[in-house]
Amino acid sequence: MTATRRCLALIPACLLAFSLHGHAQCVDLIANLDDGQLMPSRIALVDHATPAEQIRVLAYIFEIDETGGQMLHHLVAAARRGVPVKLLIDGIGPEPHFPFEDELIVALHEVAPGIELRIFHPRSHLVELAHRMHDKLFLVGDTAVIGSTSIWDPSFRNWLSERDLMVAGDASQDASALHAMRQHFDLFWNSSAAVRPEPEKFLDIASPYRVSQGYATLDPARIRYWREQLLAPLDGAAPTADPAASDTADGPGAPPASGADFDPGWTPIACDRLRYVHDWPDKRSPGTLQDMLHAFDTAQHEILIVTPYLILVPELRATLERQRREGVRVTVVSASLASTTQEFPAVGRAYADDLAGLVNAGIEVREYDDRKNRMMHAKLILIDGHRYYLGSFNFDPLSARSNTENGLWMDIPDDGIDPLRDSVAYYLHNSSPVSDANHRLVADTVARCRAAGCGGAWRWVTMLIRDFL
């Protein structure tokens, strides 16, 4: 993102601000990010950050693959030029291991003490294994990126279809969405669930005796490796946990792009038309579920939901079915049964089991499919043609009950520019209905499940674990 482009965008923003009731009002800037801009937008923010600003990141996933290694590389460079960096990563995530190994954390503390790393609910907190920080917030100074994207190869190498927004504003104004985003970050950063990992204080350097006894130790060779990787020039290879793991030119996706040429197309919007929402760290009520229910209750004509997972908790299903009976059109674009089953068969089975009931209630369910065979991972809502939500909320029990979530509601004025119109059109165009005009499924879900891999015993397993999907 260039300073010139943002300054030019501020001209219509200022005109809008002074046109509202004849005096200055709060105005934020919005830019829709397509798949090719997900990495460049973040790298540009990091590389242009100054010591007077601060980088704050809430990450559900921060994997040390090619994408995460490149991002960490740029964060280290920013910290070494004096930019304060705070990085809060969920301690559970989707994988059986925490991506930052102890030796990497030690090396990070040595080469970039300006980076503060905290873990939300480390794996040692067994009672919290079902409570994850699913939020996605990448905040640099007065500019942020939010949406569905995590920091790992599947999101940034075009294996998933994601959707993010860049938001800029004046965080010193209470009405700005940036002010609410900073408060959200501080709430989680300062919560008791955020723990600072300090392996150098609790683990000794490996010795023959300690290794022979099976003690947990620090490997000095790995520390040296990470130190060299983190201090390598930015135009070199990104650090990865496995030096032999990077893809070749024939690999499944192109390397993550740099941010040198990134330039967003800004749209000014009055701050009172934006509403940033998030859960409390302990997922207390009211939270994002209650906010979603209230938003659907206010729909007059149409509700469109784009979600990778469609396993509705009773409150959401009852609200959508009631709105459908009252004449509101309800459309849901979901990831395909095959995609969700590949991720975890019980998720595909739970979705398949619900399809007949949703269709019978008059809800139009569509399944996403594109030519690149990507799984759809965006989380997007459109109500009555002008009210949007974009964020991290999935329509499943985990987002509703257990995981913390965040997102941004936007109310587009009748004469305003709609930054998400093309995204909605894209997901509708690249999806097909699972039912016909008479609300009958076009294919038998049992047969589809059997073909996809969620048949047989998965029916009974899913019944037992549905609330944890």
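The secondary structure of the protein chain comprises 17 helices and 21 strands, where helices (H or I, at least four residues) and strands (E, at least two) are DSSP runs numbered from the N terminus. The model is a predicted one, in which local features need pLDDT of at least 70 and side-chain atom pairs count only at pLDDT 80 or more, while totals for chains, interfaces and linings use all residues. Residues are numbered from 1 along each chain as its sequence is written, and side-chain values use heavy atoms, with hydrogens and water left out.

Of the 469 residues in the protein chain, 56% are buried, a term that denotes under 20% relative accessible area, with exposed meaning over 50% and partly exposed in between (1.4 Å probe, protein chains only). The protein chain exposes about 20100 Å², of which carbon and sulfur atoms supply 53%; accessible areas come from the Shrake-Rupley method with a 1.4 Å probe, and for residues only the protein chains shown count as cover. Among contacts (heavy atoms within 4.5 Å) between residues at least 6 apart in sequence, 80% join residues at least 24 apart.

An open sheet is formed by 9 strands in the order β9-β4-β3-β2-β5-β6-β8-β1-β12, with mixed pairing; two strands are taken to pair if DSSP finds at least two bridges between them. Because β9 (194–195) and β12 (267–270) each have a single partner strand, they stand at the edges, and one side of each is left without a neighbour in the sheet. Strand β6 (residues 143–147) is largely enclosed by the rest of the structure, since 5 of its 5 residues are buried. From β6, T143, V145 and G147 point one way and A144 and I146 the other way, and all are buried.

On one flank, β6 runs antiparallel to strand β5 (residues 137–140), to which 4 bridges join it, and V140 has T143 in β6 as its bridge partner. These two strands, β5 and β6, form a hairpin with 2 residues between them, and G141 in the turn has a positive phi of about 60°. The pairing of β6 with β8 is likewise in the antiparallel sense, over 5 bridges, and here the bridge partner of G147 is D164 in β8. Strand β8 (residues 164–168) also pairs in the antiparallel sense with strand β1 (residues 27–33), over 5 bridges, and M166 in β8 is the bridge partner of A31.

Two helix pairs may be described in turn. Helix α13 (residues 345–360) and helix α16 (residues 445–452) pack at an angle of about 165°, with their axes 10 Å apart; axes are lines fitted to C-alpha atoms, for helices over the stretch in contact, and angles run from 0 to 180 degrees between N-to-C directions. This angle makes α13 roughly antiparallel to α16, given that angles over 145 degrees count as roughly antiparallel, under 35 as roughly parallel, 65 to 115 as roughly perpendicular and the rest as oblique. The contact is made by G348, R349, A352 and L355 of α13 and T445, R448 and C449 of α16. For helix α3 (residues 66–80) and helix α4 (residues 102–111), the axes come within 10 Å and cross at roughly 30°, which makes α3 roughly parallel to α4. In this pair, L72, V76 and R80 in α3 meet L104, L108 and V111 in α4.

Not counting residues up to four places away in sequence, N403 touches A130, H131, R132, H134, D279, K283 and L398.
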